[in-house]
Amino acid sequence: MYKIVTKKELAPKIKLFEVHAPEIARKAKPGQFIILMVHEKGERIPLTISDLNLEKGTITFVFNEVGKTTFELGLLKEGDVLPHIAGPLGNPSEIKRFGKVLCVAGGVMIAPMLFQAKALREAGNHVTMVLGVRIAQLLFFEDRARKICNEVYIASDDGSIGYKGLDFLKTLLKKEKFDRCIAMGPVVMLKTVSEITKPFGIPTVVTVMPVMVDGMGMCGVCRVTVAGKTRFACVDGPEFDGHQVDYDELLKRQKMFVNEERFSSILWEMLGGGKLFG
Amino acid sequence: MAEEKKAKPKIQKEAVPIPKQPPEVRRRNFNEVALGYTEEQAVAEANRCLQCKKPQCIQGCPVEVDIPAFIRLIRERKFEEAIKKVKEKNSLPAICGRVCPQENQCQKFCVLGKIGDPVSIGRLERFVADWELKRGLEAPEKPAPTGKKVAVIGAGPAGLTAAADLAKLGHKVVIFEALHLPGGVLMYGIPEFRLPKRIVQAEVDYVKKLGVEIRTDCLIGRIHTIPELLKEEGFDAVFIGTGAGLPRFLGLPGENLGGIYSANEFLIRVNLMKSYNFPQYDTPIRIGKKVAVIGGGNVAMDSARSALRLGAEEVYIIYRRSRKEMPARAEEIENAEEEGVIFKLLTNPVRFIGNEQGLLKAMECIRMKLGEPDESGRRRPIPIEGSEFTIEVDTAIIAIGRTPNPIIQRTTEGLEVTRWGTIVADENGKTSIEGVYAGGDIVTGEATVISAMGAGKRAAKAIHEYLMNKK
C-alpha cells in the first residue's frame with residue numbers, strides 16, 4: 001500500500017502526487033517509470049517518475065486526466081493509498097557531462113524532464129529547456145525550470161504563450177551548438193523535435209511511453225520499431241535514438257484501444273463516476 | 001490377503017469419463033470446461049488401479065508423488081489422507097491435476113495403458129485437491145526455524161514449489177513477484193476455463209500458510225539486484241524462477257499493425273487483467289470477427305479458445321507443420337476442435353496487410369510441405385513456391401514462443417547465461433554464482449508447469465544442503 005502524501009493541481013486536469021514508497025525512492029533514477037493500479041480491477045498504467053525525496057521516502061509523478069483510470073486516480077486525496085506500484089522500471093537516463101544539452105518537454109512530461117535536467121546540471125552540463133504546452137493555461141513549473149536550467153524557452157501550440165510551435169528551434173540551432181538533445185512529451189512532439197535536430201546532426205534521445213500492460217518485459221505491447229528493429233520500450237527503453245524511431249507506427253499503435261477507452265470513460269461518467277468515490 | 005487368491009477381478013479397460021461442459025455451451029463462456037469427478041466417480045476410477053507391486057507411474061512424475069498410495073486411499077474413501085499423501089511431494093495439486101500433461105508423464109507408464117485407458121491419475125489428483133479446498137485448507141505444523149533466509153524470485157510454478165519445500169524445511173522464505181498477483185503463468189497465462197484463478201490463489205494461500213512471505217510488485221533487477229539481496233538484504237541464498245519472458249515475433253512485414261497481439265499480451269489482458277469482464281474490469285481487449293492464431297502449442301490453443309469465448313466468429317489455428325507435429329496436448333487440440341476452432345495446417349504467414357488506420361485486415365500465407373526431420377526430430381516444413389494465398393482476418397495472435405526476460409541477466413554480474421539468454425544451471429539448479437540457484441523456463445526455455453515444479457523441488461533440496469553445510 002502506497003500512501004499519497006501530497007496532492008497538487010498544477011494546471012487544469014494536470015495533477016501531481018507525491019507517494020510514500022521508500023524502496024522505490026531508494027532506487028529510482030531520472031528516466032525511469034512506475035506502473036500503478038488505482039484499485040484491484042484497474043488497469044496497469046505507466047507514469048514517468050518526476051522526483052524523489054530520500055528523507056521522506058517518497059516518489060513524485062504528474063499525470064493528465066484523460067480517461068477513466070486517470071479520472072479515478074485524480075479523485076484520490078492526500079492520505080488515500082494506492083494498492084499497487086511497481087518500480088522503478090525501464091532503464092535510467094544516461095547522465096554524464098555532455099556539454100550543452102537542449103531539453104524539450106511537452107505537457108505532463110515537463111515534470112520528469114526537470115527531474116532529469118536537475119541531474120544533468122549536477123553533472124556539469126549547460127541546460128537549455130523548452131517547455132511546450134498546448135495553451136497558456138496548461139503551463140506549470142516555469143519557476144522551477146528557471147531555477148534548475150541555464151536558459152528557458154516557452155512554446156505553445158496556439159501561440160497563447162511564448163513561441164508558437166517549435167519552429168523557433170531551427171533558428172536557435174543555427175545560432176547555438178548543442179551536444180545533445182533530449183525530448184520527452186507527446187509522440188507528435190518527439191517526431192517534430194527529431195526532424196528539427198536531424199539536419200544539425202545533434203544526437204537526440206526521446207522517451208517513448210507506448211501502451212503497456214505489465215511494463216516488465218512480458219506482453220510485448222510496447223514494441224517500437226527503432227532502426228528497422230522491433231524493440232520493447234519497457235526493457236530496452238524507454239529512451240531511444242530519436243532519429244531512428246518509426247513515429248508513424250507508434251502513433252497508430254497508441255490509438256489501438258481508443259474506442260474501448262472512450263466507452264469506458266463515458267460509461268464511468270454515466271454511472272456517476274466521481275460521485276461513487278465521494 | 002484372501003481376496004488376492006480369488007479369481008482375478010475384471011479389469012475395467014475404460015476410464016471413468018470426466019463430466020465436461022458441452023462444447024456448444026462452453027465455447028462462449030469462461031467457466032471451467034472439465035467439471036471434475038464426483039466422489040463416486042473418483043472411487044470407481046481409483047478402483048481401476050492395479051496397485052502394481054513395482055509401480056511404473058511414479059517414474060513419470062517430476063515431483064515423485066507416491067501415486068499408488070494416494071489412489072489406494074481414495075479407493076478406501078480416505079480422502080483427507082489421500083491429499084496429505086499427494087502433498088508430501090506436491091504443494092500445488094489442484095493446479096497439477098488440471099494442467100499437467102499426464103499422458104506424457106505418470107499415465108504414460110501406467111500398465112493399464114497397454115490394454116486400454118491408463119488410470120486417470122491427474123483427474124484423481126484434482127479430485128482430492130478440490131475435496132480439500134472445499135473443506136478449507138489446514139495450515140501444516142511449522143518446523144523449527146533454521147535461521148536461514150532464502151529469496152525466491154518469481155511466484156510461478158518453480159518459485160512456489162521451491163518456496164514451499166524450503167519453508168517446510170524451516171527456512172525463512174520471501175518470494176519477490178514482479179506482477180500485482182502471485183501465480184506467474186498460472187495467473188497470466190493459463191485461461192480461467194482451464195485453470196480457475198480461485199484455485200491458483202487457494203494454492204498460493206497454502207504456500208503462504210507454510211510461512212512463505214510474498215512481496216508483489218517487486219521486479220528484481222530493478223528494485224533490488226541479486227547481489228544486493230545477498231549482500232544488503234540478508235538473504236543466504238537466492239532461487240531464480242522468472243519464467244519464459246518476452247514474446248517472440250515472426251519478423252514479418254506488418255507485424256506491428258493494430259489488431260496483432262503476442263499471445264502473452266492477449267492472455268495477460270484476458271487472464272490476469274480479466275478483460276473478458278471489461279468494462280467491469282478496466283483493461284480492454286479487442287477481438288475481431290476473424291482471428292488467426294499462429295502456432296501449434298498449448299499457448300496457441302489457449303489463445304484460440306479464449307478468442308472464441310470473447311465472441312470471435314471464426315478462429316483459425318495457423319500452423320506450419322501437420323497435426324502430428326503439433327506440440328499442444330492432444331486433449332487441448334481436441335477441446336479446441338470440438339469448440340469449433342478451424343485448423344489451417346501446413347500453412348505459414350508471409351506478411352500482414354493493414355488498412356489506412358493501421359489495423360490488420362488480411363494475412364498472406366503460403367502452403368508448406370514436410371521435408372526431412374530437423375534437430376527437433378520433427379519434419380522440417382518447406383514452403384511450396386507459388387502457393388501464396390490471402391485470408392481475411394482482423395485479429396492475429398502470435399503464439400510461437402518466448403525468449404527469456406533479460407533484466408536479471410543484465411543486472412547480475414558473473415551469472416552465466418547461454419547464447420539464447422537462458423541461465424546456465426546444473427540439474428540441481430546451481431548457477432555460476434555461489435548461493436544462487438535457478439530453475440524452470442528461465443533455465444530450460446519454455447516447458448511445462450510440472451517440469452518447472454520439478455526444477456523448483458530439486459533446487460530447494462540443493463539449497464537446503466548448501467545452507468546446512470555452509471559454515
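How much area do domain 1 of chain A and domain 2 of chain A bury between them? About 1,300 Å², with 71% of it on carbon and sulfur atoms. This is a predicted model.

## Inside chain A

Start with the layout. The domain assignment places domain 1 of chain A at residues 2–89 and domain 2 at 93–197. Their centres, taken over C-alpha atoms, are 23 Å apart. Each domain puts residues into the contact: 16 from domain 1 of chain A and 16 from domain 2 of chain A.

Charged pairs come next. The rule finds two salt bridges across this interface of domain 1 and domain 2 of chain A. A:Asp51 and A:Arg144 form a salt bridge, with their closest N and O atoms 3.7 Å apart. This pair passes the rule because its distance is within 4 Å.

Which strands supply at least two residues each to the side of domain 1 of chain A that touches domain 2 of chain A? They are strand S1 (2–11), strand S2 (14–20), strand S4 (45–53) and strand S5 (58–64) of chain A. S4(A) gives the largest share, five residues. By class, this side of domain 1 has 10 nonpolar, four polar and two charged residues.

## Between chain A and chain B

Now turn to the interface of the two chains. Here 52 residues of chain A are in contact with 45 residues of chain B. Chain A and chain B bury about 4,000 Å² between them, and 55% of that is on carbon and sulfur atoms. On the side of chain A, A:Met218, A:Arg223 and A:Met256 lose the most area to chain B. Together they make up 16% of what that side buries.

The rule finds five salt bridges across the interface of chain A and chain B. In a salt bridge at 3.6 Å, N to O, the side chain of A:Arg26 meets that of B:Glu233.

Several elements of chain A give two or more residues to the side that touches chain B. Among them are helix H1 (22–27), strand S14 (223–226) and helix H9 (258–270) of chain A. By class, that side of chain A has 22 nonpolar, 14 polar and 16 charged residues.

| Salt bridge | Distance, N to O |
|---|---|
| A:Asp51 and A:Arg144 | 3.7 Å |
| B:Glu233 and A:Arg26 | 3.6 Å |

Key:
Residues numbered from 1 in each chain as written. Chains lettered and ligands numbered in written order. Predicted model: local features only at pLDDT ≥ 70, side-chain atom pairs only at ≥ 80, totals over all residues. Heavy atoms only, no water. Contact = heavy atoms within 4.5 Å. Buried area = accessible area lost by both parts, 1.4 Å probe. Helix = DSSP H or I, 4+ residues; strand = E, 2+ residues; numbered from the N terminus. Nonpolar A, V, L, I, M, F, W, Y, C, P; charged D, E, K, R; others polar. Domains from an automatic or database assignment.
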